Amino acid sequence: MSELSERFETHEPGEARAGEKLRCDACPVMCYIAEGRTGACDRYGNFGGRIVRSDPVTILEHRVETGGELVSFAGEGEWDGNPVNPTRRFVTGIGSGTTYPDFKPAPFIVAQEVEGVDLVTVVTEGIFSYCGVKVKIDTDRHIGSETAIVRAQGEPVGHVTTAEYGSQMLSLGGVRHLTGGSKSEGRVTCDTMLALCNKQAVELTIDDGSTIIVQAGQPPVIDGTVEHRMRVGCGSATIGMFATQWQGLVDEVVVVDDHITGVVSEHQAGKVIDWAETGIKILGRRSTPGRYFKVSEPGLGWGGTTIADPLEILGPWNPKKGARPGLSLLMVSTTGEQFAYYELDDALTPVAKPFPDRLRKSVDLIEDNCEPALCTVLFMGGAGGSLRAGVTENPVNLTRSVQRLQTYVTCGGAPVYVWPGGGITLMVDVMRLPDNAFGYVPTPALVAPIEFTLRRDHYEQLGGYASAVRSVDDVLAEGGEYFNPREAKPAPDANPWPLSQQLRRERG
């Protein structure tokens, strides 16, 4: 019995057949499945008296590039105008099945010749108990404190992590939520990650924070409000970008921001264009001239602060440093969504005035420079020794090959980022994978497609299963061990053909 099956109290393998049911041996759960039904993971079923992988193996056909050095590959002849090139096939891990625990070769080990070079792609569906999801939510708004617990269906599934420039970040999943808590926590964590990785919407709540609907590639919905814009920069950066746009149109500009509020008359950008002093005072912690921290607590108001009235951050105006009746003031947020115009009265108190047309263009310019607010979902997992054992009899050789750039790693044909250091820890943008590329097993763990592409001679040198290598045509004709159909579809446009990508890397 494997370590994983012991941990989740699965049963002994037993006979392959129990009454009218068949035992599925694709993962440690080892379900007994009745005819016409699928197992606990919905990935394998008993159809026609045999265990069948229920989703088709996905073969991607890459498009022909219409320019540059890649038109066309030697030996491919003249391009016939078809944007999809059926000779540029790539067998993905989607629907391929798995061999976990990997005591045997990966489900498909596929050979192809490209530009006279024999390449091999090892294809499998990895079972990732150690995996997580990183979520980037483009918003200035305060959604919860750093380290606050993130919940789905009331169960803890992750936490808020460090905010990035214009975005709030969540870290979800991980082995401690999947296996270290209650069964319900593990199940909900797995369900949440699966939905996010398959580009579905998930509602998340943050302790003492917001309720957010997250969906990869879509704008976040925060406390019922759709977020439209990602800020152009902090308040200081906004001053730097647009100071010249405001000069001559208004006497003072304050860009309200939770992180760094900017003041043009004090800011270096204002100094270099000889912006006059105004005697303004900001109620915050001054960092450098024209840059202020902590003008407010984080919130859902102007620029990610708690304030609804921007005048709250202003102290008394100093006439000895330029304040005077009639002085004009523009206050604006970092997305340009909030803006207001004031003039000082005889008591040097800002009085709201109708917004002048002369400033409209500069505010619109801020909005125009804001990118659409989106949710980004990255799957992150580590290809452990067991998975690597399905690639080579000496698993550490695969790690070293990846580190030497001799092996190109993809998930469902999408390029990944491989972390430096030990192991093969990778991240991939789920938007670059075909839809519904991820699955699960009820241990619980996520199932993700993964492929390793390298030269055939390198594969043999690292101890690969040379006798298991097959051609693409054979895979298309015969399929695999679990009898599922094959499905060809166009590859996403942004993804390079992994085989040409690996050749290009080798040639520098």
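**Positive phi, a cis peptide and a helix**

F483 lies in the loop between α10 (472–478) and β33 (486–490), where helices (H or I, at least four residues) and strands (E, at least two) are DSSP runs numbered from the N terminus. The model is predicted, so that local features need pLDDT of at least 70 and side-chain atom pairs count only at pLDDT 80 or more, while totals for chains, interfaces and linings use all residues. Residues are numbered from 1 along each chain as its sequence is written, and side-chain values use heavy atoms, with hydrogens and water left out.

**Exercise 1.** Describe the backbone and the accessibility of F483.

Begin with phi, which is positive at about 60 degrees although F483 is not a glycine. Then take the relative accessibility of 40%, because of which F483 counts as partly exposed; buried means under 20% relative accessible area, exposed over 50%, and partly exposed in between (1.4 Å probe, protein chains only).

**Exercise 2.** Do likewise for D274.

First locate D274 in the loop between α5 (268–272) and β20 (285–288). Its phi is near 60 degrees, a positive value in a residue other than glycine. Since its relative accessibility is 67%, D274 counts as exposed.

**Exercise 3.** Characterise the peptide bond from T443 to P444.

With omega near -5 degrees, this bond is cis; P444 itself is placed in the loop between β30 (439–441) and β31 (445–455).

**Exercise 4.** Which residues of helix α11 are buried?

In α11 (residues 498–506), they are P498, L499, S500, Q501, Q502 and L503. Continuing just past α11, one finds G508 with a positive phi of about 70 degrees.
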